[in-house]
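Subject: Structure for you to look at

Hello,

Here is the structure I said I would pass on. Please open it and keep it beside you while you read the notes below.

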Amino acid sequence: MARAQITSPAGNGQRLRERITHHIKYSLAKRQEDMDCDDMFLAVSLAVRDFMVDGMFETKQRYKAADTKRLYYLSMEFLMGRSLANNLRNLGIFDLCERILTDMGVDLDDVREAEPDAALGNGGLGRLAACFLDSLATLGMPGYGYGINYEYGLFRQEIRDGYQREKPDHWLALGTPWEIERPDEACIVPLYGHIEHAQDRDGNYNPMWMDWQVLIGVPNDMPIVGYGGRTVNFLRLFSARASHEFDMQIFNDGDYFKAVEQKIASETVSKVLYPSDSLAAGRELRLVQEYFLVACAVRDIVRRYLKAHDSFDAFASKVAIQLNDTHPALAVAELMRILVDENDLDWDEAWETTVTTLGYTNHTLLPEALERWPVPLIEKVLPRHLQIIYEINHRFLKAVAAKWPGDGGRMQRMSIVEEGNGKQVRMANLSIVGSHSINGVAKLHSELVKTSLVPDFYEMWPERFNNKTNGVTPRRWLLNANPLLADLLNRTVGDGWITDLDKLRALEEHAEDDAFRKEFIKVKRANKERLAKIVLETTRVNVDPASLFDVQVKRIHEYKRQLLNVMHIIHDYLRLVEDGDGPSAPRTYVFAGKAAPGYWAAKQIIKLVNNVGQVINKDAKANEWIKVVFVPDYRVSLAEGIIPAADLSEQISTAGKEASGTGNMKFAMNGALTIGTLDGANIEIMEEVGAENIFIFGLTVEEIRAMWRERSYNPWDCYNGNAEVRRVMDALKSDRFCKKEPGLFDWIYDALLTHGDVYFHLADFQSYIDTQVRVEREFGRPASWARKAILNVARIGKFSSDRTILEYAKEIWGIKPVV
């Protein structure tokens with residue numbers, strides 16, 4: 001791809017200064033001498049937004065003139081992080097803004113730190129969506145995000161006595177300068193009510209959805225500027241509001257308090273990301289949230305289309321809708337409802353339009369993570385949609401029966417409605433049946449979707465299944481997160497890599513250059529010193545920047561195997577203090593990540609990390625060689641501080657469990673070496689960077705499948721046959737790491753030995769510690785380690801989200817750049 005040109009009208013420093021001073025005086029009604037960092041963040045951001053709004057108008061006009069096909073990306077999460085620095089860099093005015101603020105006696109770094117992370121997501125799913133928006137805009141493609149404007153994020157994580165404690169993450173408490181409210185484009189969202197079975201004038205069945213309650217979805221647009229500033233798309237986020245008409249009826253009936261109560265209940269829909277579904281009320285709220293997103297998005301998309309068209313004949317040629325996992329699966333039924341009920345299309349025409357318009361991305365191979373909703377709950381909340389789903393399923397199963405007559409087992413597996421004790425709607429099946437494209441997010445994952453997760457659907461529609469390996473935006477994760485390395489790259493190979501990451505291949509010839517390696521090492525050391533300060537501020541633990549920074553930062557889950565990492569730490573610690581056999585190089589283990597509030601085992605693993613760290617960090621025999629820290633409240637801005645500093649990236653999930661991962665890509669892009677299993681995108685990273693420049697260990701998917709199939713894995717064999725395994729397990733069973741809470745970690749011993757070690761920790765343990773010895777040995781050769789790290793950066797081009805988006809655009813969405 002040709003490099004985007006910086007075309008921002010903000011290039012004139014005088015104009016930018018004028019906009020900042022204007023907002024200080026007229027938007028904030030303050031004098032500059034009265035401004036603090038929070039105020040200055042607002043003033044600068046509003047000034048920057050002014051230029052982005054100009055770009056939005058120009059972009060909109062360009063798209064309109066071309067009558068171009070548009071993509072709408074539906075996701076329950078958009079993990080945007082902070083926006084100011086990224087927007088400044090994409091507009092090409094970062095240095096200019098820094099100089100202007102310096103002249104005003106203000107430090108841009110202090111202003112940036114005043115910005116809260118936009119807590120609109122949780123993990124990889126939401127961060128991927130954010131990267132995609134950046135790439136769409138940078139590529140000049142007409143693509144928009146649709147999500148919910150959560151007032152509270154997942155939660156703000158605190159660590160007390162080693163335990164995770166959840167605090168409200170009220171990121172919108174002071175509002176945000178990046179959102180533009182559009183109340184004139186609000187959407188009506190119907191809920192509850194009942195179906196009246198009626199007939200139309202021709203005697204055909206005509207169900208009427210009656211007595212529904214009303215929510216109002218108010219859109220808020222967050223401008224998304226591409227690198228170069230030429231294209232500015234937007235992320236449209238909906239806030240839930242109560243219907244004034246509904247409130248007025250209650251007022252008229254004389255029940256003021258009920259009206260207030262109804263308003264509060266309505267607005268909880270966009271209050272918090274992922275309410276707990278452990279109770280029935282929380283589960284219902286989560287379903288309402290998913291429909292709220294879908295209803296607002298589909299109505300808005302249809303409204304936009306009908307502005308330029310008077311029939312739905314061209315809908316699928318002008319509109320592409322991508323479902324980011326199963327959360328927006330109700331879009332299948334909602335689009336059918338809009339087409340059939342509100343616009344009088346016949347069923348077959350509406351169905352063809354729906355399937356041709358929708359695409360579905362699967363993000364998980366874990367059966368428990370595939371959403372299912374109880375039929376009675378859908379019937380209560382969305383009675384008309386349940387009817388539509390039943391009709392879709394009826395017609396679909398007729399097609400299945402025609403293709404495989406008498407195959408009742410296949411019919412049961414493929415049915416959208418799961419029968420049995422408590423009927424449930426399978427949202428993955430609904431998404432597959434209602435979409436023309438079903439993609440996984442890494443080669444291995446996409447193969448497993450076809451052969452293991454939904455093989456019946458693949459057999460029926462092989463042409464619908466494809467792979468789109470994930471990617472990350474180099475603007476956020478290298479240019480913005482690691483400016484020291486970005487500057488070194490620019491001086492060495494030019495800045496074309498910012499929009500064409502494959503151009504980093506030119507670095508390969510410098511991997512043997514001793515002078516360049518020294519500069520590369522110097523950058524890494526500076527980033528490690530910066531992280532050491534963050535660690536000290538957040539954990540009160542001093543860490544040595546000269547030590548090997550061994551990093552595992554991601555959502556806490558058993559399959560991601562933070563526990564395996566801790567087991568290796570315990571192994572090395574016991575060798576050091578009991579055998580006198582210390583490592584050849586000091587190592588700092590850095591953990592970060594949140595556990596779902598209701599996920600007991602994950603929260604216990606956080607406690608284990610902290611307890612093991614506390615013991616080791618206080619042990620004079622060990623703490624010169626090993627340090628263990630858990631940095632609280634993992635989020636995008638914290639990741640931007642951690643990832644550039646990592647020497648070793650831990651990507652150690654059980655093979656076959658991780659769909660792709662994107663953290664693995666970010667670490668490699670920033671010059672960390674990976675230790676990992678042959679899982680997710682690790683395989684493709686190995687193929688790109690070279691097997692000699694990555695540390696691979698552990699069982700393969702095929703080996704694990706065989707062990708399950710043959711029931712040949714007995715973790716007791718590992719315990720009895722391996723003294724290293726036995727010593728670590730016995731240490732966990734003892735109270736060595738929980739003297740104040742005896743027996744606290746007995747559950748780990750039981751889970752791994754008595755209950756079958758579902759995630760194969762013990763089976764992979766010896767391979768893991770052997771590979772860690774190789775890591776240690778290689779780190780002791782700085783020039784060789786630097787060479788491998790440089791080659792990781794040089795060969796990471798495939799994992800740009802620009803490449804991913806180009807593939808989606810060509811092979812699924814049918815959209816093109818409009819420049």
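The model is predicted. Three strands make up an open sheet with antiparallel pairing, in the order E13-E15-E14. Strand E13 (372–374) and strand E14 (417–418) are at its edges; each has a single partner strand, so one side of each is left without a neighbour in the sheet. E13 is joined to strand E15 (residues 424–426) by three bridges, and the two run antiparallel.

As background, the strands of a sheet pair through backbone hydrogen bonds, either parallel or antiparallel.

The parallel case also turns up here. An open sheet of six strands has parallel pairing and the order E20-E19-E18-E21-E22-E23. Its edge strands, strand E20 (626–630) and strand E23 (695–696), each pair on one side only. Within this sheet, strand E18 (residues 548–553) pairs with strand E19 (residues 587–592) in the parallel sense, over six bridges. Asp-550 has Tyr-589 in E19 as its bridge partner. Helix H23 (residues 600–618) lies across E19 and E20, and runs at about 145° to E20.

H23 comes up again at a pocket. The second largest pocket holds about 980 Å³ of space. It is lined by 32 residues, and Gly-162, Asn-610, Asn-611, Gly-613 and Gln-614 are the closest to its centre. Strand E3 (156–160), helix H21 (514–539), H23 and E20 are the elements that give two or more residues to this lining. Which element gives the most to the lining of the second largest pocket? H23 does, with nine residues. By type, the lining of this pocket divides into 11 nonpolar, nine polar and 12 charged residues.

Next is strand E9, which has several partners. Strand E5 (residues 180–181) is joined to E9 by two bridges, and the two run antiparallel. Ile-180 has Asp-221 in E9 as its bridge partner. Strand E6 (residues 187–191) pairs with E9 in the antiparallel sense over five bridges; here Pro-190 has Val-214 in E9 as its bridge partner. Strand E10 (residues 232–242) and E9 also pair in the antiparallel sense, over 11 bridges. In that pairing, Met-222 stands opposite Leu-235 in E10. E9 and E10 form a hairpin with six residues between them, and Gly-228 in the turn has a positive phi of about 105°.

Why is E9 described as largely enclosed by the rest of the structure? The reason is that 12 of its 13 residues are buried.

In the whole structure, a search finds three cavities of 30 Å³ or more. The largest cavity contains about 160 Å³ of space. Its lining has 16 residues, and those nearest its centre are Met-80, Asn-86, Asn-87, Ile-224 and Arg-476. Helix H3 (84–91), helix H6 (124–138) and strand E9 (213–225) are the elements that give two or more residues to this lining. E9 supplies the largest share of the lining of the largest cavity, four residues. The lining of the largest cavity divides into seven nonpolar, five polar and four charged residues.

In helix H26 (residues 682–689), the residues Asn-682, Ile-683, Glu-684, Ile-685 and Val-689 are buried. The buried residues of H26 pack against helix H17 (443–453), strand E21 (648–651), helix H25 (663–669), strand E22 (673–676) and helix H32 (782–794). After H26 comes Gly-690, with a positive phi near 100°.

The other helix is H27 (residues 701–710), where Met-707 is found. Is Met-707 buried or exposed? Met-707 has a relative accessibility of 19%, and buried means under 20%, so Met-707 counts as buried. Apart from its neighbours within four places in sequence, Met-707 is in contact with Leu-699, Ser-712, Tyr-713 and Phe-760.

Regards

Key: Residues are numbered from 1 along each chain as its sequence is written. This is a predicted model: local features need pLDDT of at least 70, side-chain atom pairs count only at pLDDT 80 or more; totals for chains, interfaces and linings use all residues. Side-chain values use heavy atoms; hydrogens and water are left out. On a 1 Å grid over the protein atoms alone, a cavity is a set of points where a 1.4 Å probe fits but cannot get out, and a pocket is an open set with protein on both sides within 12 Å along at least five of seven lines; lining residues have an atom within 4 Å of a point. Grid points are joined across faces, edges and corners, and a volume is the space filled by probe spheres set on the points. Ala, Val, Leu, Ile, Met, Phe, Trp, Tyr, Cys and Pro count as nonpolar, Asp, Glu, Lys and Arg as charged, and the others, Gly among them, as polar. Two strands pair if DSSP finds at least two bridges between them. Contact means heavy atoms within 4.5 Å. Axes are lines fitted to C-alpha atoms, for helices over the stretch in contact, and angles run from 0 to 180 degrees between N-to-C directions. Buried means under 20% relative accessible area, exposed over 50%, partly exposed in between (1.4 Å probe, protein chains only).
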